[in-house]
Amino acid sequence: MSGESAESAADRALLEQVDSLVTGGYVGARRAEEIAVAVPAARQRVLDWLRIASAEGNWRRFERLAALALHLHPEGLGPILAAVLVSRPAGVNAEDVVDLLGELRAPEGVEPVAALVRERKSTDGPYFTFCVKALQTLGEIGTPEAVGFLRGIAAGDPAAWPDPLRWHAAEELGIEDELGFDEDRMLGGS
């Protein structure tokens, strides 16, 4: 076996070991740290493993490793997540990726998340659960671009955006009172 093949096999074995540790439950900060202690290479290799899972189309593994990576704080996680959201391959759970981008406060997530909101605003009703989650993510990211997009929904042309999305965008910005919004009317209450 050549040196490169042995290294690749060893890396694959580490990936399998880490994947077995992240399978079967929520990966929070404490569990991520326990995994990093058990497999120290995880801190340095998790982004490469995300790329491998993405290339293989193994989205369940990708999501597990992304949850781990979120708490290990590797530089470059945001662009990987944003790229997956842009390409939106079959089988990826876009809602989980949107959540991770928000938790990470990744500025590179603004445009892909905003694109999803624009795309789904007509089909996500009547409760708009995905779009509301995406608006919350944009609020968490909080960059000028994210704030501008939220403001465009909240204060823009009422015919362009459903009232529930206008309300939630305004709420993210804390300007619903300033805009004179009535929560019951906008959210379909009594």
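Helix 3 and helix 4 are roughly antiparallel to each other, because their axes cross at roughly 155 degrees and an angle over 145 counts as roughly antiparallel. The model is predicted. Salt bridges are the other topic here, and their count comes to 17.

**Helix 3 against helix 4**

- Helix 4 covers residues 59-72, and its axis comes within 9 Å of the axis of helix 3.
- The crossing of the two helices, helix 3 and helix 4, is left-handed.
- On the helix 3 side, the contact is made by Ala42, Arg43, Val46, Trp49, Leu50, Ala53, Ser54 and Glu56.
- On the helix 4 side, the partners are Trp59, Arg61, Phe62, Leu65, Ala66, Leu68, Ala69 and Leu72.
- Sorted by type, the residues of this contact between helix 3 and helix 4 are twelve nonpolar, one polar and three charged.

- Arginine 45 pairs with aspartate 48 in a salt bridge, and their closest N and O atoms are 2.4 Å apart.
- Both arginine 45 and aspartate 48 belong to helix 3 (residues 42-56), where three residues, about one turn of the helix, separate them.
- Arginine 45 has a relative accessible area of 26%, so it is partly exposed, since that value lies between the limits of 20% and 50%.
- Aspartate 48 is likewise partly exposed, at 29%.

**Salt bridges between other helices**

- Lysine 133 and aspartate 99 form a salt bridge through their side chains, with an N to O distance of 3.3 Å.
- Lysine 133 is in helix 8 (residues 129-141) and aspartate 99 is in helix 6 (residues 94-104), so this pair ties together parts that are 34 residues apart in sequence.
- Aspartate 99 is partly exposed, with 25% relative accessibility.
- Aspartate 163 and arginine 185 also form a salt bridge, in which the closest N and O atoms are 3.1 Å apart.
- This second pair links distant parts of the chain, 22 residues apart: aspartate 163 is in helix 10 (residues 163-173) and arginine 185 is in helix 11 (residues 183-186).
- Aspartate 163 is partly exposed, at a relative accessible area of 24%, whereas arginine 185 counts as exposed, at 52%.

**A network of salt bridges**

- Six residues are linked by salt bridges into a network: Arg12, Glu16, Asp19, Glu56, Arg61 and Arg64.
- Glu56 and Arg61 are members of this network, and they are also among the residues in the contact between helix 3 and helix 4.

Definitions and conventions:
Residues are numbered from 1 along each chain as its sequence is written. This is a predicted model: local features need pLDDT of at least 70, side-chain atom pairs count only at pLDDT 80 or more; totals for chains, interfaces and linings use all residues. Side-chain values use heavy atoms; hydrogens and water are left out. A salt bridge is a side-chain nitrogen of Lys or Arg within 4 Å of a carboxyl oxygen of Asp or Glu. Helices (H or I, at least four residues) and strands (E, at least two) are DSSP runs, numbered from the N terminus. Buried means under 20% relative accessible area, exposed over 50%, partly exposed in between (1.4 Å probe, protein chains only). Axes are lines fitted to C-alpha atoms, for helices over the stretch in contact, and angles run from 0 to 180 degrees between N-to-C directions. Angles under 35 degrees count as roughly parallel, over 145 as roughly antiparallel, 65 to 115 as roughly perpendicular and the rest as oblique. A crossing is left-handed if the near helix is turned anticlockwise from the far one by less than a right angle, and right-handed if clockwise. Contact means heavy atoms within 4.5 Å. Ala, Val, Leu, Ile, Met, Phe, Trp, Tyr, Cys and Pro count as nonpolar, Asp, Glu, Lys and Arg as charged, and the others, Gly among them, as polar.
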